[in-house]
Amino acid sequence: MIDKKNPTIVQMIIVLMVIAMVCSAGVAAVYNATKDKIAAQEALKLQKSLETVLPKSLGYDNDITKTIDTIKLDKAVCICYIAKKGNEPVAYAIKSFNKKGYNGKVEVITGFMPNGDIINTQATVLAETPGLGMKAAEPKYHDQFNGKNPERFNLKVKKDGGEVDAISAATITSRAYALCVATSHQALMQYLNKSVNANSGATNSANPNADERGLENDD
Amino acid sequence: MNKLSIFTKGLLKENPALVLILGMCPTLGVTTSAINGLGVGLATTFVVVLSNMIISMLKKLIPDNVHIPAYIVVIASLVTILQQLMAAYLPSLNESLGLFIPLIVVNCIVLGRAEAFASKNNVADSALDGLGMGLGFTIALTILGAIREVLGAGSIFDLKFYDGDGIIGFILAPGAFLVLGYLVAGCRRLINKIYKKEE
């Protein structure tokens, strides 16, 4: 058996190796058992966010989580979810992020009408200071974007000369959130121009296989 | 030492957060609300109970020279399993606790109990010790989180009872130190009262 006080090197190696192997097997087993459930939870979360920014009352009949496209901007890659009624797009939801939050990454999904009016916004990644920056997730802050068209509504906080009411003591978060909305709007404009071109005969740049990884690579 | 005192010592007399002052990273960092304190406390309890039991079972097999890497492998695996389970079944809690779940690996309470108790005692006693320590930690974090939430956000367990902003300082780091200080003092006083009588 194993000598606890004066083990040989072989004994130590064997004990550590066996423990590591058993533990890895346990982790792998739980990973396999939970990975479908975790993927389902993430899909559910996305579905909920999308339904917040693109309410069912718009009358679309497709699965928005699957009708996706990526939009490449100069400095960002956004994911666009398209709500369609029949074959006609009725609204767009665009997800964009930046790392200018007080605690890093802020990611927001913004729903747009085809004319660029904002329907609603929803933060999907927000890890700001509780009680301060986290208020960006409350309607009191983000409802101010609803119904606005960024062409006529300057998406900068008032301190920077724009029209967005910043959360008191959380200007940085407010800025990052508004920037997400502005980036999404920019992406939408670019996308709509492109689709118009596509319809008039040019090749469509749609890439149905694009997923979130494309976005992460931009880090 | 009888079974009952193995369990109860972690609750008050040797409370890991308020008397031993261990595991200060989650204690100060995560307790911005009562529910977060409760969540991290219970997650730590899960890990400390299971790691105590496994290490107690393996105590005769692990040579002294490599006991720390062996314990850490066991603890890290348990934490990874816990995180996967939470992501699958409690996604919203998992998100609000964020990095603090993986950080349980380096929580001194877990390794401390493995080292100080589980490596010298049988499986049942080790499980009791882990349960007592884990619950003591949970109680401390929940009280700390509740006080900070009441003062800082005007709510308790996410139920708003005061409309408007609270004292934001209590949500931020200074409030954590302040409340923890008073809790440590209060806990000392309580211990003195209870255990002086026994003597």
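Good morning. Ala169(A) is found in the loop between α2 (139-142) and α3 (171-199) of chain A; helices here are DSSP runs of H or I with at least four residues, strands are E runs of at least two, and both are numbered from the N terminus. This is a predicted model, in which local features need pLDDT of at least 70 and side-chain atom pairs count only at pLDDT 80 or more, while totals for chains, interfaces and linings use all residues. Residues are numbered from 1 along each chain as its sequence is written, and chains are lettered from A and ligands numbered from 1 in the order in which they are written.

Phi of Ala169(A) is near 70°, a positive value in a residue other than glycine. Most residues other than glycine have a negative phi. Ala169(A) has 14 other C-beta atoms within 10 Å, so it is partly exposed; a residue is buried with 20 or more other C-beta atoms within 10 Å of its own, exposed with 12 or fewer, and partly exposed in between, the C-beta atoms being placed from the backbone. Ile21(B) counts as partly exposed because it has 13 C-beta neighbours inside 10 Å.

Next, chain A as a whole. Chain A contains four helices and five strands, and from the N terminus on its elements run α-β-β-β-β-β-α-α-α. Of its 219 residues, 34% count as buried. In strand β3 (residues 88-101) of chain A we find Asn98(A). Which residues does Asn98(A) touch, not counting residues up to four places away in sequence? They are Val106(A), Ala176(A), Leu179(A), Cys180(A) and Thr183(A), where contact requires C-beta atoms, placed from the backbone, within 7 Å.

I turn to the cores. A nonpolar core is a set of buried Ala, Val, Leu, Ile, Met, Phe, Trp, Tyr and Cys residues joined through C-beta atoms within 7 Å. The largest has 50 residues, and those with the most contacts inside it include Val47(B), Leu78(B) and Val110(B). Among the elements that give two or more residues to this core are α1 (9-53) of chain A and α4 (67-89) of chain B. Apart from it lies another core, of 45 residues, with Leu179(A) and Cys180(A) among them.

How do the two chains meet? The contact takes 26 residues from chain B and 25 residues from chain A. On the side of chain B that touches chain A, α4(B) gives the most, with eleven residues. That side divides into 17 nonpolar, eight polar and one charged; Ala, Val, Leu, Ile, Met, Phe, Trp, Tyr, Cys and Pro count as nonpolar, Asp, Glu, Lys and Arg as charged, and the others, Gly among them, as polar.

α1(A) and α4(B) pack at an angle of about 10°, with their axes 8 Å apart; axes are lines fitted to C-alpha atoms, for helices over the stretch in contact, and angles run from 0 to 180 degrees between N-to-C directions. α1(A) and α4(B) are therefore roughly parallel to each other, a term for angles under 35 degrees.

Finally, confidence. The mean pLDDT of chain B is 89, and 98% of its residues reach 70 or more; pLDDT is the predictor's confidence in each residue, from 0 to 100. The predictor gives the complex an ipTM of 0.81 and a pTM of 0.78. Thank you.

Note on methods: Contact = placed C-beta atoms within 7 Å. Parallel < 35°, antiparallel > 145°, perpendicular 65-115°, else oblique.
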